[in-house]
Structure formats: C-alpha cells, structure tokens
Amino acid sequence: MKWSLPENIATYGGKIDAIFWVITVVTGIAFVLVEVGIIWFAVKYRRREGRRAYYTHGNKALEVLWTSVPALALVALGIYSADVWAQIKGRDSAPAGSLMLGVRAKQFEWNVTYPGADGTLGTSDDFVVRNQLHFPVNRPILIQLESEDVLHSFFIPQLRVKQDAVPGMTIPVWFEATKTGGYQIGCAELCGLGHYRMRARVTIHEPDEYERWHAEQVASR
Amino acid sequence: MAGAVTYYAGRAPERGLAVYTQKVGMWVFLASEVMFFTSLIGSYIILRFGASETWPLPGEVLNIPITAINTFILICSSVTMVKAFAAAEVGDKRGTRLFTLATALIGSTFLGVQILEYRELLHEGFGPSSGLYGSTFYTMTGFHGFHVFSGVCCLFWASWKAFRGGYDNRAYKGLEVLGLYWHFVDLVWIILFTVVYLI
Amino acid sequence: MATIVAEPTGRPVVREPHELSFIRKYIFSSDHKVIGIQFLFLSLFFLLAGGLLAMMIRWQLAWPGQPMPLGSLFPETMAPDGIMLPEFYNSLVTMHGTFMIFFAVMLLLVGVFANYLIPLQIGAPDMAFPRINMASFWVAVPAGLIALASFLVEGGAAGAGWTSYAPLSAMPEASGVSLGQQMWIVSLVLLGLSSILGSTNYITTVINMRAPGMTWMRLPLTVWALFITAILALLSMPVLTGAMIMLLFDQTIGTHFFLPAEGGQPLLWQHLFWFFGHPEVYILILPAMGFTSEILANGSRKPVFGYHAMVGALVSIAVLGFMVWGHHMFQSGMNPLLATSFMVSTMVIAVPSAIKTFNWMGTMWRGNLHFHTPMLFAIGFVMLFVIGGLSGIFMASAPFDIFIHDTYFIVAHIHYVLFGGALFGIFAAIYYWFPKMFGRMMNEKLGKVHFALTFLFFNLVFFPMHTQGLAGMMRRLYQTTGYEHLEGLQWTHVLITISAFGLFLSGMLFAVNFAWSLFRGPKAPANPWNATTLEWQTPSPPMHGNWEEVPVVYHGPHEYSHPDVADKDWLAQNERPDVVSPARP
C-alpha cells in the first residue's frame, strides 16, 4: 500500500507506527476543527449590508482553554515519544547478544563488515562485502555505523531505521527483523552527485540459512 | 514659518529607552557582535573538549608575556577613550584631540604587535592549517583583529574630526558611541586572551 | 519647501529644501519607502528565479532522463542535449532553497515590509539610521549577484543543499564544487551583514521613534511581528556568519573546523547552522503572521481577537526559538538524551502557534467579512499554515522522525509553512499595501483568480508529497527510480510536476497584475480598505518624511466596529478623542 507507511518488519516498528497513528488522529481532529471552523465562519459571517461586526477584544476563558489543551496534548505526546525514543535509539538500548556488524559508508556505496570464522567483529579475519547486507531474522542486529568521507544516512524503510553516518564517529544502530526477504538500503542524506544511486541489497535469512551463507563467505576468502 | 511642517505636535515621541537613538543603535548592534564572537568562542570550546589529540599547554606555542603586554596596551586605549569622551563632554577641545588620537595610536600599536606575533608564529611553522589549535587561534584572533582595525580606522577619522573642532559639550555622541564599540572590542580581547592563551 | 524633522531629542533639524537628483531619489535613496520598494523588485526577481529552478527540478523528477524544453540552451556542463546532470540537479536544489529562503521570502518579509511599514505604522518620519538602511540594500544586491553568478563558474553553483552540511560542503574533492560553494558562502555572509544592519535599524526605530501615544500595546501586530523578527535575525544571523566563515576557511586557508580527518567536527556545522536556522524559520513566518492578523481584522471588521495573547505568543516564540534547534538533528548522531530535551522544547513551541491560529479564528468569528483579495490570501494563510504546523508535530516526535526525516514529508512540511504560510502572507501583504506603495489599486478580479488558482495548485503540488514521504521517498534524489519501495509512485511525480507548472503560471498572473497595476491601476485613495493604522492616514503614496504633521496616537491598533463610533466601522489610531470619543481603550 503506497498511501501510508510501507510494510513493517521491525520488532520496534509497531511502536513507531503507533505514534504515527496517534499523531494522525490528534492532528486530524485539530485539522478538521480549524478548517471546518474557518469555512463555516467565512460562510456564516460573510458581509451583509447593515450588519455590524461584534466588537470584542477576546475572551480570557477561551484563550486559557485553547492554550492549555494543546499544551497538555503536546507535552503528553512528548513524554510518550521520549519513552519510545529511548527504547530505540538510547545509547545502551541494543539488546544483549546482538549480532555485531560494521557498516562503513562512502561515496556512493555501503561496505558491510562481517565477523570472520571467530564470530567476533574487530578481529583480523573480518571480511567486507560491498553493497550486501545479510543478517538473520528474529535476532537483534547491532551495526557500528561509520563514514569514510561525507555524511550519509543509513535508511531501510521497512525496518523503520534511519541513522546518519558521520565521518569521525562510530554510531551504534540496532534493529531486529521479524520477516525474511530482500530489501534495500537507501541513502537519505545528500552526499554528492551519486546520492540518488547509493543503495545496497539487504537480505534477511532464516538463521540456519544465514549461517550457511556466512560459512560460504568465510570459506571463499 | 511658511510651508513648514511641525512634528510631534508639541509632544515627545514614545521612547522605550531613555537614551538617544545612536546609543540604542550601538547597543543593538553590539548584541549582534556578542553572538558573532559567541559562535567563534563556542566552537572553540566544543572543538577543544571534543578533540582527540592533546591540546598544547599554555605558553607551549604562544608567547604569553608579549601578549600580556599587548593586552595591557589595549586596556590603556580604553582608558584614553574614556578620557577623550570626558574631555568632549566638558568642552575641552584640546583634551578631546589628544586623547582621541592617543586611542587611535595605541590601538594601532596593538595591531602592530599582533602582526609581529603572527609573523613570528608563521615563521615557526604554526599556521591556520596547524591542527584545530591553529584553525581556531587564527580565526578568533584574526576576527578580533579585524574589529580592532575597523575601530582604529574610525578613531583616526574621529581624530581628524576632533582636530577640526568637531566635538564639544553639545556634540559628543559620535565619540560616545565609538567608545562603546571600542570598550566592547577591548572586553572581547580580555575574554579571548583568557580562553586562548591562558587556559 | 523646508521641512523640520524632530530628532528624537526633540532638537529640530531643517532639511535642505532642494529637489533630490534622480540618483539620490531612486537609486541611492535613504528614504525607507524607496528602499522598501527597491527590496520589493529585488526579491520578486529572486522569487521568479527560484520558481524557474523549481520548474527544472520538477521536470527531472517527473520525466528523468528526458531532455528539458529549451534544454539545449544549457551548456554541456549542466545539461548535455538538454538532459540535466546529477551535479546540476544538486545545484538546482541548493540554489532553489537559497534563493527562496534568503533572497525571496526573507527579503520580501523583512527587507520590503519592515522597511516600508515600520516607520509608517509607528508614526515616524523615517528609520533611525537612513544611511545604514541604504547600505543594507546595497549590500544585498551584490549578495544576490554573486549567488546568481555562481552558476557560471567552473564546477557550477553550490550543490550541498541549502543547509550545506559539512563535510560535503567543505570538501571540493567530494562535491565537485569549489568556487561555487565559496561564492555561496560570500553571498550569504553579505546577506547576513545586510540583515544585521537592517535589524539594528528596525529595532532601534521601534524602541525609540514611536509617535506620541504609540505605546507598546498600541503597536499594530505587524510591527510587533517585524520587531520580534528583527531581534531573531540580529541574534541568529551572526552565528550563521561565524559558521560560514569557518566553512570558507576550511576550503581556502586549510583550517579544519569541520573536517574530521584532522579532528574537526562535522556535527558542529549542524549545531551552528540550526542555531541560526531555527530562529530563521520563525524569521520566515512571524512577519506573515503579523500581516495576517492585521488583514484578518480589517477584512472581518473586528479587533484582533486576543491582542495581548498574540503579542505574548510572538515573544515566547522568540525566546523558545533559540532552544529547539536540535530537532533538526534527531538522526544526526547527536547524543540521544539531548534529542529528548529538544523534543520536549519543540513540543512546547508548538503552543504559541496554536494560540495564534485559534485567535485568528476568533477574529473571524461574528465578524462582517469582506472578501477582498488580501483577505482571501490571509484566510488561505491560516488554512495552509495549520497543515504545515500540524505536520510539524509528526517530525517533532523523535521516534517517528526516524522514518520521515529527510523524506518528502519534510519537503511537504517546509513548503506548507514557507509557501502556504509565508508566501500567502506575502501575497496578502502585497495586495493590501500595494495602493499605499504605488498610489494605485491592483486588479481585484485578477487577484481573486490568482488566489483561487494558487490555492488549488499549491495543494495539488505539496499535499501528495506527504504521502510520498510516508512511502519512504528520500529528499534530494536526482531520480527516484530504482528503489523497490517506491515502485509505482512515478505517476505522483508527474501529477505534482504538472500541478507545479500550473502553480508557476498562476504566479505569472500575479506578475501581470502587478506590472499592469503599477502603470494602469486606478488611482488609490489614502485609505482604500477603511483601515485603522497610521499608514492609511497619510496620502498614497506618502510624501518624503511621511507626514504633514506627525500623528498623535489615541487608540489601539485594530479598532474596527467600535460601538461608540456610529457613522463608520473603523476608528483610526490618531483620531482625536474629542472628535469621536470612545470609552476605551
């Protein structure tokens, strides 16, 4: 369905989408209230000969009401969002036992670093695959995101994940997929003339299938 | 008066601040200058505390004694600036001339010393591309120097005006407004000297 | 004729009774009205230029790889065989934003109307510093010329986006643009200087040169809005200037402020840019809010509902505006805890906008609505600004911003605020004050057609961008083909592009109306809208020095349909109470 968010395959995607729907309902009410009100006033109070506008400078009670109601709604929304935010992007929010991968962006490709046979990232047997991100389903993945040259932004719409890659920084990004399949990484931060074609394949495997793919990669190197 | 137009109908305009307009204007402008230097000094602080390499210790690269003397020189120019304004206020034309010109000359001395310091540092191989320290040092002191230079130009112009008898006890606003700017530039230097040289 | 101008000290200065030469009168003029009109022509030119760039962007998005009409006129370095190159597309995106934000909307709101209206609405003969005012215009002209000329240099115009995120903007080897980027910086440093000079003037003038009786709470809301805007510009522009200078030095003299290879911090650029950029957002909307308040009151024949709350909202926006910049950086890699605090302050700053919207509705409520063209655009402003404001709440929520950040949802949002908001306010203001500026009326029929078509096409262009964004379409893509999740969406680009051409053509209706009315419009009376504020109590156009006699103010700014005034439905601010004597205020 193209008229709303794309399919969600992330464990925390439901929380993000819920925020979307809550805000849609709240702003939808405000939207209808204001637009209908304006059109209604425009028709009802259109100019008539001999009529005089009602002289008033305002109404304290009304003004207090329409200051405090949006204020409360917005602060509540802020608190609700802050909670979800901490779960997704908080510094130590990645679940323990995540599979660690490295992603290093450069103009205009995504280089993914996988642990070698020893299964730990950051050792000498790590290997790099260009523009291919493979990982198993139903397991949290923790990506160490880096950039070699300029800003890029790591975006997988279906996984509800987006994070700028900043040269000079290593930024942790985690997610957990609930479904296997093929998807794409897009770059969401203008990074030069090839920005529009900076994409990579994402392949989400069944765990054993991932192990097989990983073993083949290790063996071929 | 035929064809004359009367303004304000005998009533004074509403005034938000009980000072004359040029002075309000200078205060407003200086608020903007504060933000400019805040952006530079703020960036310095962020870069310095975020830096991975160690920052040179005070005095390791820069010559503190000479700059301390230079700082004293600039403070002296603020004193003469005050004197010039005080002289103008009481209508002492000779004093106005003397102190305005003195401020201009002392300001020029400060600039001269700074140029010599730059030459020396560049000679030692410390330039704007010498790491973050060089980048921030030259940008901050350079823009302060540019402000001093602008001030000195105005001061020479004011001296010329003073020598032609342009300031007296009724016409001293220009000098007062220039003085505000000059003290501001002086104050910025004291902050820069502390932040860049001493800490 | 000798004129006496009272200096704020009350000391009269006699102006020389000579006729000014053509150059002093129209080119290097220090009259705030002439300067305002000069800014008007300059900024309308850039509005047109920015619009043309947008048309080219739209062509490429709808029909990627197809030669543009008249595309063969472009050199090989931009569009060989009329097909634009990706690097040229990036320049177009960058310069469209730069032209529209800095040279069109900002100059229209502030350069034109702050200059033209502040002295007239507060009852002053001119600005506090007329020569500095003149300088602010003549600094803006080369700024614009440099920005335009950057298209012609080697490597083309800047292509790192209007936000010019470092390090792309600081590394010619990564962006392919070197001189163009530097010219962009110089241009905006000059524009910043112009803005600072102008703001110093506006603030000083409002503080110390109000006509007798024009107390703070009798200032028209337009003046309040322009005053707060000037404070925002005064305090935020220098930060942009500082950042720009560091960026320029990174490119030219080898400093490393934003270059991580030598320890610099790319995020520092974003912090500095948005510290300026968020107040800038309010610079671009507050004056339009002021115009709208005033025109809605005039069209509704009612005082502004909740004047004090309106002023309070403006002031609180100014204060909060400096505390929310981080909401542009939720996904930037900034500390997530910092993001949380920015999210809360952002939610709070939405409240003043809500107050203003409800007060506008309150102003219309039980009015006697005259739908003249300015009123239509003012109502359009409220209807569209609401959409822009509400869509802002989606991205204010940091977790949902993860998805929509840097997508077309943001593009839709900024255009609802800047076009649906600011530009509708500007159109309202031009139709409203044109008679005062040029002494002629604009054509009402053509104005209403312009409104209807603009409103229609605007929504057809920008509303679908919300859904594109929700589908996950990223910004600033040269072409959106090749993404699986965007398959089947190309037709939305075609719809938007065709509507955009319609929007451009309806803009041409305005241009025709403007040009025609300038020479052939019917003569305007002093007060064609039966308005209350001071500028309407002097001839159209006002003479040099603005007043035969500087007005004394006895009433609030928007006294329409006052019960004690029987024969008409408005009460000018300077009407003497012994002639008409309302009880209050």
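1. Buried area here is the accessible area, taken with a 1.4 Å probe, that two parts lose on being put together, summed over both. The model is a predicted one, and every value below is computed from it. On that basis, chain A and chain C bury about 7900 Å² between them. Carbon and sulfur atoms account for 69% of that area.

2. Which pair of chains has the most contacts? Of the two pairs of chains that touch, it is A and C. Chain A brings 85 residues to this contact, and chain C brings 100 residues. Chain A and chain B, by contrast, are joined by no contact, and their closest C-alpha atoms are 10 Å apart.

3. One salt bridge is found across it. The partners are A:Arg201 and C:Glu484, with 2.8 Å between the closest N and O atoms. There are also 30 residue pairs in polar contact between chain A and chain C, counting pairs with both residues at pLDDT 80 or more.

4. On the side of chain A that touches chain C, two or more residues come from each of α1 (13–44), α2 (60–89), β7 (161–165) and β9 (181–187) of chain A. The largest share is that of α1(A), with 16 residues. Sorted by class, this side of chain A holds 46 nonpolar, 21 polar and 18 charged residues.

5. The other interface joins chain B and chain C. Here 43 residues of chain B meet 54 residues of chain C. The area buried between chain B and chain C is about 4200 Å², with 68% of it from carbon and sulfur atoms. The count of salt bridges across this interface is zero, while ten residue pairs are in polar contact, both residues being at pLDDT 80 or more.

6. Which elements of chain B supply at least two residues each to the side that touches chain C? They are α1 (21–50) and α4 (131–163) of chain B. The largest share, 16 residues, belongs to α1(B). The class breakdown for this side of chain B is 23 nonpolar, 15 polar and five charged residues.

7. Within chain C, C:Asp126 deserves a separate entry. C:Asp126 sits in the loop between α3 (86–122) and α4 (130–149) of chain C. Is C:Asp126 buried or exposed? Its relative accessible area is 7%, so C:Asp126 counts as buried, the cut-off being under 20%. A polar atom of the C:Asp126 side chain lies 3.4 Å from the backbone nitrogen of C:His32. Leaving aside residues up to four places away in sequence, C:Asp126 touches C:Ser30, C:Asp31, C:His32, C:Pro119, C:Thr205, C:Met209 and C:Asn546.

8. How many disulfides are there over all chains? The count is zero. B:Cys153 is in no disulfide: the nearest cysteine sulfur belongs to B:Cys154 and is 6.8 Å away.

9. B:Cys153, at 40% relative accessibility, is partly exposed. B:Cys76 is partly exposed as well, with a relative accessible area of 27%.

Key:
Residues are numbered from 1 along each chain as its sequence is written. Chains are lettered from A and ligands numbered from 1 in the order in which they are written. This is a predicted model: local features need pLDDT of at least 70, side-chain atom pairs count only at pLDDT 80 or more; totals for chains, interfaces and linings use all residues. Side-chain values use heavy atoms; hydrogens and water are left out. A disulfide is a pair of cysteine sulfur atoms within 2.5 Å. Buried means under 20% relative accessible area, exposed over 50%, partly exposed in between (1.4 Å probe, protein chains only). Contact means heavy atoms within 4.5 Å. A salt bridge is a side-chain nitrogen of Lys or Arg within 4 Å of a carboxyl oxygen of Asp or Glu. A polar contact is a pair of N or O atoms within 3.5 Å; within protein, one must be able to donate a hydrogen and the other to accept it, and residues adjacent in sequence count only if both atoms are side-chain atoms. Helices (H or I, at least four residues) and strands (E, at least two) are DSSP runs, numbered from the N terminus. Ala, Val, Leu, Ile, Met, Phe, Trp, Tyr, Cys and Pro count as nonpolar, Asp, Glu, Lys and Arg as charged, and the others, Gly among them, as polar.
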